[in-house]
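This report walks through a single protein model for someone meeting it here. Please keep the sequence and the structure in view while reading.

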Amino acid sequence: MAVRTDAVGRLLTQAVLTALEAPSVLNTQPWHWRIDGDAAQLSADRTRQLRVIDPDGRLLTLCCGSSLHHARVALAADGVAVAVSYLPDEADPDLLAVLQYHGSAEPSTAAQRLRAAIGRRRSDRRPFTDEPVPDAVVARLARAAADAGANLHVARPQDRSTLAVAAGHAANVERSDPAYRAEIATWVRGGLPAEVAAQSSGVRPVSLRALDDEPDASIYSGQRVTDRNARYVIVVTDGDSPRDWLTAGEAYSAVVLGAIADGLAFSPMSDLVEVVAARTTLRRMLGDVGWPAMVVRLGVAAASRGAPRSPLRPTADVMDVA
Ligand SMILES: Cc1cc2nc3c(=O)[nH]c(=O)nc-3n(C[C@H](O)[C@H](O)[C@H](O)COP(=O)(O)O)c2cc1C
């Protein structure tokens, strides 16, 4: 890969390297970044699309939006102003966004705080402690989602049974489909360490997607109940178009980085939006206002050591310099 040594090139390269650390569904990392002149271009890598789980590319686009947000955080932290164009070329719908260098700005301390969280961020599927999630933090995360152009629905106590039913239904539908199980097995084998995929002992009020062959225990199994004080939030967009999915990804990134910066742990639960009936159930719970794009479980981590890290693709496969 060619290396840019001029100041703008170095800043853009640094931002793109940060963007490559963004989270993605089943660690697919379905993006490609190109640095061209004073711009960084983000494209979808359709070879990494999950054909069974994500036939319309909603999650793929959301992941790319999350990578875009990571790049913007790095640039804002370094005091670099950029103009952002979304879906700038009708003839090339896979060109999702372009960041055009726009001079220097005051480095943002808020962005520096989020950038520091990027290196520590992991999806943490382990059970959370019973320590409550402070309301003030949840309110801050809702503002972060709003700043990114989305809404954050904070699940109310009465929403929990709806979430549990939607999660149970999503698991039944997906796990009874051999093509789904094959897709999960392929990507877990290819990109997730076994330790990351393993579920926990105990049962949860709202089950998580099983990444191995062991579905969550039934709540009738008599096992210890965990995640009693987990909070669930839903990133909600006004519409359901590729532009909205990018917004959802930026908001998702803002929420999870904000959560890490505030000392919380999280794990995403996209199975609830993948299965049509589960997603419809969530929409109904939201009073048919907006489109649920992503569900996130928030809590206080139990273990003192961090959750394990998922491997990144080789840099040369995911970025180049024109
Ligand atoms: C759009 C999206 C959907 C995801 N869905 C799930 C999910 O349903 N269940 C889960 O355990 N993890 C889910 N994840 C977490 C990814 O598996 C995780 O981000 C990836 O393996 C990289 O690991 P890291 O987040 O620890 O860096 C999702 C992540 C994204 C961005």
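## Rings and charges

The structure holds zero aromatic pairs, a pair being two rings of Phe, Tyr or Trp (its six-membered ring) whose centres lie within 6.5 Å, with planes under 30 degrees apart counted as stacked, over 60 as edge-to-face and the rest as tilted. This is a predicted model, in which local features need pLDDT of at least 70 and side-chain atom pairs count only at pLDDT 80 or more, while totals for chains, interfaces and linings use all residues. Residues are numbered from 1 along each chain as its sequence is written, and side-chain values use heavy atoms, with hydrogens and water left out.

Charges do sit over rings, a term that requires NZ of Lys or CZ of Arg to be within 6 Å of the ring centre and within 35 degrees of the ring normal. The charged end of R243 is placed over the ring of Y86, at 3.5 Å from the ring centre, and R283 lies over the face of W291, 3.8 Å from the centre of that ring.

Helices (H or I, at least four residues) and strands (E, at least two) are DSSP runs, numbered from the N terminus. The expected span of a helix is 1.5 Å times one less than its number of residues; for the 13 residues of α1 this gives 18 Å, in agreement with the 18 Å between its end C-alpha atoms.

The buried residues of α1 are V8, G9, L12, T13, A15, V16, T18 and A19, where buried means under 20% relative accessible area, exposed over 50% and partly exposed in between (1.4 Å probe, protein chains only). These buried residues pack against β1, β2 (39–44), α2, β4 (95–104), α3 (109–118) and β9 (319–321). Within α1 (residues 7–19), T18 counts as buried because its relative accessibility is 7%. When residues up to four places away in sequence are not counted, T18 touches H70, A74 and I118, contact meaning heavy atoms within 4.5 Å.

L75 belongs to helix α2 (residues 58–77), and its relative accessibility of 1% makes it buried. Although L75 and T18 are 57 residues apart in sequence, their C-alpha atoms are 9.6 Å apart in space. Setting aside neighbours within four places in sequence, L75 is in contact with L11, L12, A15, V80, V82 and L99.

An α-helix has 3.6 residues a turn, so residues three or four places apart point the same way.

After α4 comes G149, which has a positive phi near 100°.

G249 is found in helix α8 and counts as buried, since its relative accessibility is 0%. Leaving out neighbours within four places in sequence, G249 is in contact with L62, G65 and S66. From C-alpha to C-alpha, G249 and H69 are 7.7 Å apart in space, while 180 residues separate them in sequence.

## Cysteines

A disulfide is a pair of cysteine sulfur atoms within 2.5 Å, and by this rule the count comes to zero. C63 is in no disulfide, the nearest cysteine sulfur being that of C64, 6.8 Å away. C63 is buried at 4% relative accessibility, and C64 is buried with a relative accessible area of 0%.

## Positive phi in two loops

Q29 lies in the loop between α1 and β1 (31–36), and its phi is positive, near 50°, although Q29 is a residue other than glycine. With 3% relative accessibility, Q29 counts as buried.

D288, in the loop between α10 (276–285) and β8, is not a glycine either, and has a positive phi of about 60°. D288 is partly exposed, with a relative accessible area of 48%.
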